[in-house]
Amino acid sequence: MSAHALPYRPHNHQACVTEALADARSICQQQNARLTPTRERVLELIWQSHRPLGAYDVLAKLTTDGHNAAPPTVYRALDFLLQHGLVHRIASLNAFTGCAH
């Protein structure tokens with residue numbers, strides 16, 4: 001597979017995730033919003049994926065991490081992240097992706 005066929009441009013993915021989380025902490029601090037550990041982990045999981053994730057994909061990853069999360073927990077975290085412009089919802093896929101802007 002050539003580099004041009006990749007669905008994303010090659011980059012230091014861990015640095016990308018780290019920067020996104022640092023930006024999210026800063027944005028939440030500026031907006032006086034509470035970025036809880038669960039909200040931060042949901043955001044991290046979304047950024048770690050190179051594809052949009054649905055709420056149940058996020059829930060499965062949280063469960064694998066050992067979190068005792070339920071669907072409402074994930075949906076509340078996603079609502080928070082949407083509200084603060086940290087993720088985008090792709091309606092046609094009913095999935096979420098990190099917001100880099």
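Guide: The axis of a helix is here a line fitted to its C-alpha atoms over the stretch in contact, and the angle between two axes runs from 0 to 180 degrees between their N-to-C directions. Two packed helices are described by the angle between their axes and the distance between the axes. The model is a predicted one, and the helix to follow is α2, residues 37-48.

Start with α3, which spans residues 55-65. The axes of α2 and α3 cross at roughly 115° and come within 10 Å of each other. Angles of 65 to 115 degrees count as roughly perpendicular, so α2 is roughly perpendicular to α3. The crossing of α2 past α3 is right-handed. From α2, the residues in this contact are Arg 41, Val 42, Leu 45 and Ile 46, and they meet Val 58, Lys 61, Leu 62 and Asp 65 of α3. Sorted by class, five residues of the contact between α2 and α3 are nonpolar, three are charged and none is polar.

Next comes α4, made of residues 71-83. Here the axes of α2 and α4 come within 9 Å, crossing at roughly 80°. The two helices α2 and α4 are therefore roughly perpendicular to each other. On the α2 side, Thr 38, Arg 39, Val 42, Leu 43 and Ile 46 make the contact, while α4 brings Thr 73, Ala 77, Leu 78, Phe 80 and Leu 81. This contact of α2 with α4 has seven nonpolar residues, two polar and one charged. Val 42 and Ile 46 of α2 take part in the contact with α3 and also in the contact with α4.

The remaining neighbour to describe is α1, residues 13-30. The axes of α1 and α2 lie 10 Å apart, at an angle of about 145°, and α1 passes α2 in a right-handed crossing. His 13, Cys 16, Val 17, Ala 20, Leu 21, Ala 24 and Arg 25 belong to the α1 side, facing Glu 40, Leu 43, Glu 44, Trp 47 and Gln 48 of α2. Seven of the residues in the contact of α1 with α2 are nonpolar, two are polar and three are charged.

Both α1 and α2 also supply at least two residues each to the lining of the second largest pocket. That pocket holds about 220 Å³ of space. Of its 13 lining residues, Ala 20, Asp 23, Trp 47, Cys 99 and Ala 100 lie nearest the centre. The lining takes six residues from α1, which gives the most. Nine residues of the lining are nonpolar, two are polar and two are charged.

Notes:
Residues are numbered from 1 along each chain as its sequence is written. This is a predicted model: local features need pLDDT of at least 70, side-chain atom pairs count only at pLDDT 80 or more; totals for chains, interfaces and linings use all residues. Side-chain values use heavy atoms; hydrogens and water are left out. On a 1 Å grid over the protein atoms alone, a cavity is a set of points where a 1.4 Å probe fits but cannot get out, and a pocket is an open set with protein on both sides within 12 Å along at least five of seven lines; lining residues have an atom within 4 Å of a point. Grid points are joined across faces, edges and corners, and a volume is the space filled by probe spheres set on the points. Helices (H or I, at least four residues) and strands (E, at least two) are DSSP runs, numbered from the N terminus. Ala, Val, Leu, Ile, Met, Phe, Trp, Tyr, Cys and Pro count as nonpolar, Asp, Glu, Lys and Arg as charged, and the others, Gly among them, as polar. Angles under 35 degrees count as roughly parallel, over 145 as roughly antiparallel, 65 to 115 as roughly perpendicular and the rest as oblique. A crossing is left-handed if the near helix is turned anticlockwise from the far one by less than a right angle, and right-handed if clockwise. Contact means heavy atoms within 4.5 Å.
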